[in-house]
Amino acid sequence: MATDELADSFADVLAAVQRLSRRRLRHGLSAPPLRGAQVELLRLVVERPGIGVSASARELRLAGNSVSTLVNQLVKAGFLRRETDPSDRRSALLYATPAAAARLRDWQVRRGTLMREQLVALGPADRAALAAALPALRKLADNLHEDRTPAIRTDDATPHAVQAEPGGAQA
């Protein structure tokens, strides 16, 4: 398979798996689903309690005002707590609430259950192929996260920066 065909097929399949997984996980939620960027911010705050808004924006590769909007939404929904940074009263430190931690845990359990069910439905050869692909997929994710991909040139030879966006996970 040529690189262009592999890239297109891979992107299409990855998007379909993500979309269909989100759809299946949304079914049965008692609360409205969170958008992908909201989930990514919550995951980051759970991993790094007390992270600032600016540091969150850098880590997620989002504009500061976009993260501020997400913070406001998540504070209003009861998933984030914002505290004034004692070393710089103009800055805020972010903490996940117990409700956020519970929501993320529930989503992880539900996602794990869904994926286990789907993997069991595959044959041993398909499961082995997916397992063998994991190291390459992790490298791809690392490259996207670290923006280590070279600039892309289109047909008109105009360079375009490659920007990694937060995933489309929903909780």
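Reply: Gladly! This is a predicted model, where local features need pLDDT of at least 70, side-chain atom pairs count only at pLDDT 80 or more, and totals for chains, interfaces and linings use all residues. Residues are numbered from 1 along each chain as its sequence is written, and side-chain values use heavy atoms, leaving out hydrogens and water.

Me: At roughly what angle do the axes of H2 and H5 cross?

Reply: Two packed helices are described by the angle between their axes and the distance between the axes. Helices (H or I, at least four residues) and strands (E, at least two) are DSSP runs, numbered from the N terminus. Axes are lines fitted to C-alpha atoms, for helices over the stretch in contact, with angles from 0 to 180 degrees between N-to-C directions. Here, H2 (residues 36–47) and H5 (residues 98–121) have axes that come within 10 Å and cross at roughly 110°. That makes H2 roughly perpendicular to H5 (65 to 115 degrees).

Me: Which residues of H2 and H5 meet?

Reply: Contact means heavy atoms within 4.5 Å. From H2, Val-39, Leu-42, Arg-43 and Val-46 meet Ala-100, Leu-104, Trp-107 and Arg-111 of H5.

Me: In what order do the strands of the open sheet lie?

Reply: Two strands pair if DSSP finds at least two bridges between them. The order is E1-E3-E2, with antiparallel pairing. E1 (51–52) and E2 (80–85) are the edge strands, each pairing on one side only. Six bridges join E2 to E3 (residues 88–96), and Arg-82 has Leu-94 in E3 as its bridge partner. H2 packs on this sheet too, touching E1, E2 and E3, and its direction makes about 95° with that of E3.

Notes
Parallel < 35°, antiparallel > 145°, perpendicular 65-115°, else oblique.
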